Structures are given as C-alpha cells and as structure tokens.
Amino acid sequence: MTMKPYWQNYIDGSWTDGGSGRIDVTDPATGTVLAQHALAGTADVDRAVTAAARVHASGALSDMRPVERARMVQAMGRYLLAHIDEIAPVLTAEQGKPLWEARLEVEGAARYFEYYGNQAETVEGRSIPLGSGYLDFTVYEPFGVSAQIIPWNYPLEMTARSLSAALATGNACVIKTPELTPLSNAWFAHAAEAAGLPGGAVNILCGLGVEAGAALSAHPDVNQIVFTGSVPTGVAIARAAAKNVVPCVLELGGKSAAIVHEDADLNAFEEDLRWGIWFNAGQVCSAMSRVVVQKDVHDDLVGRAEAIAKSLSVGPGAERAEYGANMGAMVSDAQRDRAEAIVAQAVRDGARLVTGGRKLNRPGAFLEPTVLADVTPDMTIAKEEVFGPVLSILSFDKEDEAIEIANSTDYGLVGGVFTRDMDRATRAASRLRAGQVFVNEWYAGGVETPFGGYGKSGYGREKGREALWNYVQTKNIAIRMGPQS
Ligand code: NAD
C-alpha cells in the first residue's frame, strides 16, 4: 500500500487545510508516522456548521422525497464496499486491528447505509382523533445540523452508524473524526460526492477534542449531537449541549459481564470469549471484560481462557489478513501502557495473573492477551474500563450473587448469560442493568437491534429503528375544519 503523505479535511464540498496546522498519524504496529492530517481549528468548525446549516435551510435534503434520500444513503454504502480494498489497509495501518477485522468494519459500515437507507421511507407520522371538526396529525422533521464526535476504536462503524441515520432522516452533518484514526473517514466524503449529495451536507474534519470537538459541541447552530467516547468527555459534551438546549445521544464506556452457569456449553463459550475480549484487542465498548463464573466450573473456565489467550498470534494487523486466532496492536503506546498499568495494579490488589499482562518485546503498541483470575468486585479492575485485551474472571455460588456482581459497576452497556436453563436466562435478562442482554451468544444482534447504555454508559439508543428518533423532532398539526357550506 502506498500511503498518501497528507490528508485534508472536507468542508462545504471541498478538501481544505486546517486552521490549527497538521497532526501526525502513527501506525501503532510500528510506532512510525504514517501520514499527516489537517487539524481543524474553531474557524474550520464554524465554516462546516455554517455550510451544513445552509444545506438544511435550502431544503436540499429535507424537502426531498424520502425514497430519493434512501437511494443516496444506500449508494454511499455501496461505495464503501466497492472501495474496501483501499479502505481496509488504511484502517489497519492507523488503528492496528488485523486486516480481516478492518474488512469486517468496512462491511459493517456499509451495512448501516443499507439499513438506514431502507428505513428512510418508514418515518411516518400518525393521525390523532380529536372529534368531529378537527384533523390532527404528526410529522417528523429533521433537527437540521447533526454534529457527530467519533472515537478511535471503530472510526468507520461509529461514523457510519450516526451519519447514515442522520442523512436518511434529512439532516446535514458535521463529523469530528478522532485524532488517532482520522484517515479512513475520508471515504465518507468520497462516498457522499459519488452518491450526489449536495456540498455541505456531509463535512468531515479532524481536530483536537479540546479545540475542534469542544467548538463543535458548543456551536450555537448545531441542533443535535451524537457522541461516542469516554464518560468525562460525554459529560463535557452534555454540558455544552445543555447550554444551547439541544439534545444529545451519549454512547459511553462499559464494564460488561458474562454470567456463566455450571450448565453452560463451555465449548461454544470459547468462541464467545475470543470475540468478546480479544476482538480489536479488547478496545470495544461492549467487550466482555468480566466473566462471572459459577464456582463448579471456575477452574475449567480459567484453563480454557488461558489456552485461548495463549493461542492468539499477536503482531502487525497488515500481516493478519485471514480470520482466525490472532490479534493486532492496540491503538497507541499510551493506551497499551495504561492497560498494562491497570493489570499491574490489579495484581497488587490481589488478582492472580493467569497469563499475559506485559507488552511485547518489539516495537509497536502490543500487549499480551491477558487473563486475570481471583478478581473480586471491590477491586478497581472489576469496576473500571481497561479498554484493552484484558479479561477479569470473578466467581459466584448462587444466581443472586451473580446478578449482584454483574450489576455492581457504574456502567450498564451490555450483559450476558450463558446457561441451558431458559428460566434462569430469562430471570437474568430481566434483572441485568444493561441496555442489551445476550443469551448464549456474546454480540448476538446487529445493525437492527437498539444499542446503548444504562447508568454511566450513556443515554439514547443508536442502531435499530429506535435510533431514527434521535434525528427527528415531532411536529403536531391540528386543523380546525370549517362548517360545511
Ligand atoms: P474520548 O472521549 O477521549 O474521545 C472521543 C472523541 O471525543 C474524540 O473524537 C475526541 O477528539 C473528542 N473529544 C475529546 N475531548 C473533547 C471535548 N472536550 N469536547 C468535545 N469532543 C472531545 O474517548 P476515546 O479515547 O476516543 O474512546 C474511548 C472511549 O469511548 C471508551 O471509554 C469507550 O468505551 C468509549 N466508546 C463507546 C462506544 C459506544 O458505542 N458506547 C463506542 C466506542 C467507544
């Protein structure tokens, strides 16, 4: 792959430099600089928001018949698929994930455009009876300018998730891409152009969170905000949104638990473990970062987790093109060092390091796949998100205890229960404090299923039909009919 040395922002239909200069984008698998990206300043953010507001005011998107918007949104997804061979290596190079995972991410991003393109025609109001002499009905109107602030772990899927639904419902968008992984987002601009969207409908810019991100979330002409990232940033964005009285959706972190009962199919669970905690090197908000296992099968499960962790080949994502037992670099040395330090602290707190916990003796942000056992709910590792390839195993005796442990963090993104006893599974599903519960398959679901958190994992839902309502506001129209002449 030949890497373009300098990448620009895309504002009002043109590629432009950034008012705050440039930022280096590093390949976490080697630690070397891959390319530079334009860094947007507050004036760039203002130009992007102004362009989006102009598109909205013109009616170019919102006045369109929904089927026309649907076709454009779907075309953007097809564009991504048609360019998967260009996009996936760039994503791997900037983010560290194996090439096969990067390809899955491009396909996942395209799938959002397919799904929300399909939904565009389904956003219909209803009529409300008010007795004779009245006709009353609701219509759903786009908010106008949708601002979307994106994290580095799934830069394509996270942008696709909000951008596709926002466009399908007729909003113009300003995307603030992550500083660590901004490159692959360029293809959304190419896709928007190829699909025939008007200039200014989709603006993609990279900038520092504290500068461009803060300016975007506080901009008075932004009408709706979608944020995916950490809790402290979510709080800052919610505060900025409140000042302008605009709604926001917050998709924040998680510390999600899988409860494994003694009757669970442990052979099948091995695959859930591998995907659950080592996919994308554990940098997944809904990762299975805790396993809460029944005492009778505890030792068996710890042994299986250890064997899976040791079986993973860890190294540069570009050399890992095939689906399989492998893992790439973490996104940066800083994230890797943070995860390593949290593991060391857990061991000092009394957890048992079963395997892993150290960085690899080679350049690049590699951390060994890690398993910690004898974790107790009071330990920091049991409560705080590591956002790395680190599994914590806790044990329980009775069902009530398992639920209590699973619910014992401030987060509530997802949860899971593994058992052949459907009564037990159903009880857990209703008692787990999480926005999504998996029974006997971690990550079961898809673009169609609503996703979002309880507690500090955030509010609002992305994915599924639920997400459409983030991007529209209800207008009620009541007509008093005159007497018959
Ligand atoms: P982060 O909060 O540091 O950054 C996320 C984005 O916010 C980046 O684009 C950043 O530039 C921007 N930002 C930073 N400070 C800002 C500010 N003051 N104002 C406006 N924008 C600002 O998070 P991260 O390190 O990029 O991502 C990791 C976190 O994201 C983890 O906690 C993870 O669980 C969470 N996450 C959640 C989901 C989800 O769907 N729930 C998905 C992916 C990641």
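**Pockets and ligand surroundings**

Helix H4 (99-119), H5, helix H9 (266-278) and strand S20 (436-439) each contribute at least two residues to the lining of the second largest pocket. The model is predicted.

**Second largest pocket**
- The second largest pocket holds about 750 Å³ of space.
- Its lining comprises 31 residues, and the closest to the pocket centre are Tyr154, Glu157, Phe279, Tyr443 and Lys463.
- H4 provides the largest share of this lining, seven residues.
- The lining of the second largest pocket divides into 15 nonpolar, six polar and ten charged residues.

**Largest pocket**
- The volume of the largest pocket is about 890 Å³.
- Among the 39 residues lining the largest pocket, Trp152, Phe227, Gly229, Ser230 and Thr233 are the closest to its centre.
- At least two lining residues come from each of H7, S10, H8 and helix H11 (333-348).
- By class, 22 nonpolar, eleven polar and six charged residues form the lining of the largest pocket.

**Ligand shell and contacts**
- A backbone N or O atom of Leu252 is 2.7 Å from a nitrogen atom of the ligand, and one of Ala214 is 3.5 Å from a ligand nitrogen atom.
- A polar backbone atom of Gly209 lies 3.4 Å from an oxygen atom of the ligand.
- On its own the ligand has 850 Å² of accessible area, of which the protein covers 87%.
- The 27 residues around the ligand include Lys176, Glu179, Ser230, Leu252 and Glu385, which come nearest.
- H7 (209-218) gives the shell two or more residues, as do H5 (155-168), strand S10 (224-228) and H8 (231-244); the largest share, three residues, is from H7.
- The shell contains 14 nonpolar, eight polar and five charged residues.

Terms used. Residues are numbered from 1 along each chain as its sequence is written. This is a predicted model: local features need pLDDT of at least 70, side-chain atom pairs count only at pLDDT 80 or more; totals for chains, interfaces and linings use all residues. Side-chain values use heavy atoms; hydrogens and water are left out. A residue is near a molecule or strand if one of its heavy atoms lies within 4 Å of it. A polar contact is a pair of N or O atoms within 3.5 Å; within protein, one must be able to donate a hydrogen and the other to accept it, and residues adjacent in sequence count only if both atoms are side-chain atoms. Accessible areas come from the Shrake-Rupley method with a 1.4 Å probe; for residues, only the protein chains shown count as cover. Helices (H or I, at least four residues) and strands (E, at least two) are DSSP runs, numbered from the N terminus. Ala, Val, Leu, Ile, Met, Phe, Trp, Tyr, Cys and Pro count as nonpolar, Asp, Glu, Lys and Arg as charged, and the others, Gly among them, as polar. On a 1 Å grid over the protein atoms alone, a cavity is a set of points where a 1.4 Å probe fits but cannot get out, and a pocket is an open set with protein on both sides within 12 Å along at least five of seven lines; lining residues have an atom within 4 Å of a point. Grid points are joined across faces, edges and corners, and a volume is the space filled by probe spheres set on the points.
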